Amino acid sequence: MKKLSIKNYILITLAILITGAAIWLPGFMMHKDSDSFYGKVGDVPSEYYSGPSESIIKNASKQLTEEQCNQLITGVWESEVTPVSEEDCKYTGFGMKTLVVSHINDLYAKGLYPRNLSSDTDNWYSWEAKPYRALDSTFKTYAAFFWEINFTKFDGSETHRFIVSEYGDILYAEANTKESLGKFTPKLSNGSYLLDYFGHADVFYTTYSITSNDDNIITSVTVDDVAKAFKTDEVSSAAKNNIQKQIDSSSSFIPDFTTFKPDESLWLKQTGGTSINYSISSCTTYNNYKLILLPEKTQ
């Protein structure tokens with residue numbers, strides 16, 4: 001009887017110990033784990049800070065105007081530029097190359113570019129197209145695509161380089177030739193032809209009408225039923241300093257860019273649609289020509 005009582009006492013004691021451990025041990029372990037992590041900073045999984053998805057960026061970017069795209073590309077709207085795949089773009093490299101050739105030939109006719117790029121037996125060019133994306137630095141939600149298009153004449157006597165938006169706007173043009181460019185002087189008053197390339201597949205453009213008013217050229221055009229007007233104007237000395245700063249920082253969107261001091265700069269002031277000012281600047285030497293179009297950066 002005594003042995004049975006001792007056995008029962010032992011069993012009851014073990015039961016009490018096990019129950020107590022079951023109640024106390026989880027709390028102890030949790031407290032120990034929390035102490036071990038207290039004051040330590042761990043890495044946040046990338047999915048928590050990677051920003052909006054590509055589908056969100058794509059949909060949000062559809063709301064951008066042509067002018068906002070140009071601001072993103074040129075860094076006036078602070079952005080991060082990265083190379084992308086052709087599959088990410090709206091148009092193919094061949095399509096953009098064809099657009100650029102047609103546009104540059106139009107600029108040649110308007111006195112804004114020293115060479116015609118139409119290929120024939122004596123004037124054939126190889127070409128290379130590289131796409132890029134400018135993504136806004138703040139929200140990482142809005143993106144604009146653009147292309148660098150390079151042409152080389154068959155005999156190596158000429159190279160041409162262009163930075164062009166997917167709208168077909170020529171933001172930068174450069175010609176290098178072994179022979180002299182002759183007496184070429186760009187007619188910057190026709191600078192509106194750098195924008196709103198008519199003949200673009202997705203947009204209907206009316207033809208331009210140009211009038212002269214107090215030595216300023218006024219260009220009118222209708223884009224998707226929105227009337228716009230572009231007026232050239234002189235650049236003050238103070239504004240030239242700001243334009244030079246913008247040109248100096250253009251390496252952000254022009255690969256291997258070499259800055260230059262313009263021979264001439266003009267304002268291209270746009271009204272209608274999204275009102276904006278652009279600066280047009282050019283520099284011409286014996287065998288080199290550079291032309292750049294930049295949205296105004298306001299303070």
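This is a predicted model: local features need pLDDT of at least 70, side-chain atom pairs count only at pLDDT 80 or more; totals for chains, interfaces and linings use all residues.
The buried positions are Glu 66, Glu 67, Cys 69, Asn 70, Leu 72, Ile 73 and Thr 74. After H3 comes Gly 75, which has a positive phi, near 85 degrees.

The structure contains nine aromatic pairs. One of them joins Trp 77 and Tyr 142 in a tilted arrangement, with 5.6 Å from centre to centre and 45 degrees between the planes. Trp 77 is in the loop between H3 and strand S1 (79–83), while Tyr 142 is in the loop between strand S2 (125–136) and strand S3 (143–153), so this pair ties together parts that are 65 residues apart in sequence.

Another pair is formed by Phe 257 and Phe 260: their ring centres are 6.4 Å apart and their planes stand at 70 degrees, so the pair is edge-to-face.

The table gives the accessibility of the residues in these pairs.

| Residue | Relative accessibility | Class |
|---|---|---|
| Trp 77 | 25% | partly exposed |
| Tyr 142 | 28% | partly exposed |
| Phe 257 | 11% | buried |
| Phe 260 | 6% | buried |

Phe 257 counts as buried because its value of 11% is under the 20% cut-off.

Ring pairs also link Tyr 113, Phe 151, Phe 162, Phe 184 and Tyr 289 into a cluster. A charged residue meets an aromatic ring as well: Lys 110 lies over the face of Tyr 193, at 4.9 Å from the ring centre.

Notes: Residues are numbered from 1 along each chain as its sequence is written. Side-chain values use heavy atoms; hydrogens and water are left out. Buried means under 20% relative accessible area, exposed over 50%, partly exposed in between (1.4 Å probe, protein chains only). Helices (H or I, at least four residues) and strands (E, at least two) are DSSP runs, numbered from the N terminus. Rings of Phe, Tyr and Trp (its six-membered ring) pair if their centres lie within 6.5 Å; planes under 30 degrees apart count as stacked, over 60 as edge-to-face and the rest as tilted. A charge sits over a ring if NZ of Lys or CZ of Arg is within 6 Å of the ring centre and within 35 degrees of the ring normal.
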